[in-house]
Amino acid sequence: MTSLPPQPLSPLDGRYAAAVGSLADYLSEAGLNRARVEVEVEWIIALTDRSLFGSSPLADEQKTRLRGLYRDFGQAEIDWLAAKEAVTRHDVKAVEYLVRDRLSALGLDAIAELTHFACTSEDINSASYALTVKRAVENVWLPKLHAVIGALGDLAREHRDAPMLSRTHGQPATPSTMGKEIAVFAWRLARVAKQIEGGEYLAKFSGATGTWSAHLAAEPDVDWPELSRSFIEGLGIDFNVLTTQIESHDWQVELYDRVRHAGGILHNLATDVWTYISLGFFAQIPVAGATGSSTMPHKINPIRFENAEANLEISGGLFATLAQTLVTSRMQRDLTDSTTQRNIGVAFGHSLLALDNLQRGLTEISLSRDVLLADLDANWEVLAEAIQTVVRAEIAAGRSQITDPYALLKDLTRGRRVGGPELAEFVRGLDIGDAAKKRLLALTPATYAGLADDLVSRLG
């Protein structure tokens with residue numbers, strides 16, 4: 001058997017590339033290397049701006065050309081770095097050599113020794129990961145999450161007045177509305193999204209073991225911690241002053257746990273909508289030309305929600321592993337974080353794929369209000385809660401002599417179906433005031449949804 005031509009091993013780079021490809025601009029190897037070049041270049045500019053080590057501030061035109069090294073980063077640089085790393089066996093060192101090579105081409109050999117000055121690889125990496133993850137989250141992942149939240153909000157408002165039978169423990173329970181139940185997911189996700197938006201993206205820039213030792217040896221009169229802070233914050237990320245050789249990754253643990261939390265809510269959404277489809281509450285809108293089953297022509301399978309469910313489980317597992325591994329580093333440094341962080345894009349990729357499927361799936365369902373109403377009409381016994389609560393209120397007000405309303409209703413309804421006429425006859429025979437009796441007789445399962453409609457307004 002002949003070997004296949006080179007193929008993507010991950011479905012994220014093959015079958016699902018169109019849905020998640022935007023992440024590659026930031027979380028691929030090339031995206032990381034572009035950020036590394038950016039950090040190296042901006043560090044040179046920061047040092048020359050302060051005329052350190054005999055340098056002079058670069059002219060604006062020189063800075064523009066120097067920044068072109070990362071702004072115009074492309075296939076030529078990707079290939080150059082691959083060839084160099086094959087020799088150096090060190091990815092950050094290859095980036096340093098690339099910058100030095102390009103400095104020579106720009107006629108800036110005089111400042112070549114400021115490339116990677118007093119830096120350990122983790123200074124460059126921590127800043128680069130903070131930049132790439134921040135940009136991926138803010139430019140790609142969060143907008144997709146907000147699109148799902150928006151789709152949920154639209155559905156909630158559309159169906160805010162659509163009564164439905166609730167099922168607590170899988171059993172018929174006090175009615176709600178479909179809109180309110182969908183609004184719960186939008187509310188939960190918006191809260192977690194806000195937490196993610198408020199998170200930090202930390203980097204260190206303090207040398208081999210976080211002590212600025214080499215910096216002070218080279219120039220003891222510079223306030224290196226303040227210079228490092230100014231430099232890192234100038235990149236648009238946050239500064240961690242107290243570290244070992246590595247930035248401690250706690251911000252990553254916090255972020256991945258929150259993204260995993262959002263994934264858990266989304267997983268709950270996927271399984272609930274799947275269940276509503278199986279109950280007939282939602283009908284799936286046929287897509288022209290699509291096949292549901294290879295052998296059963298009638299089927300429209302809820303594949304968007306099943307795909308989302310599975311990919312959320314994969315991403316959740318990866319995010320849990322990232323959080324568990326990155327929180328620990330032996331003594332001042334070990335390399336377990338290095339290979340682990342190379343899977344950040346994979347975790348976000350599966351999460352983004354799930355979000356994409358949910359966003360599309362939510363636009364491919366139609367509420368079957370007649371099914372909801374039929375389900376409600378078959379379960380009049382859910383009004384037992386309303387009846388026994390009203391009776392208790394009547395007893396408290398001195399308008400009834402009933403001794404145990406809960407037991408009374410339990411005997412009538414538990415484990416058996418009670419129809420509307422039977423329940424009405426029961427209410428008419430109750431020892432309660434006329435006003436209370438009238439309210440109960442006016443109730444139906446479809447009108448016993450409390451404030452569900454109004455609660456949707458809380459979404460804004």
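Visitor: Is Glu138 buried, partly exposed or exposed?

Guide: Buried means under 20% relative accessible area, exposed means over 50%, and partly exposed lies in between, using a 1.4 Å probe and protein chains only. Glu138 has a relative accessible area of 39%, so this residue is partly exposed. The model is predicted: local features need pLDDT of at least 70 and side-chain atom pairs pLDDT 80 or more, while totals for chains, interfaces and linings use all residues. Residues are numbered from 1 along each chain as its sequence is written, and side-chain values use heavy atoms, without hydrogens and water.

Visitor: Which residue forms a salt bridge with Glu138?

Guide: A salt bridge is a side-chain nitrogen of Lys or Arg within 4 Å of a carboxyl oxygen of Asp or Glu. For Glu138 the partner is Lys134, with the closest N and O atoms 3.3 Å apart. Both residues lie in helix α7, four residues apart, about one turn of the helix. Helices here are DSSP runs (H or I, at least four residues), numbered from the N terminus.

Visitor: Where do Glu38 and Arg135 lie?

Guide: Those two form a salt bridge, with 3.0 Å between the closest N and O atoms of Glu38 and Arg135. The pair links distant parts of the chain, 97 residues apart: Glu38 is in helix α3 (residues 29–49) and Arg135 in helix α7 (residues 121–158). Glu38 is buried at 10% relative accessible area, whereas Arg135 is partly exposed at 28%.

Visitor: How many salt bridges does the structure hold?

Guide: The structure holds 27.

Definitions and conventions
Helices (H or I, at least four residues) and strands (E, at least two) are DSSP runs, numbered from the N terminus.
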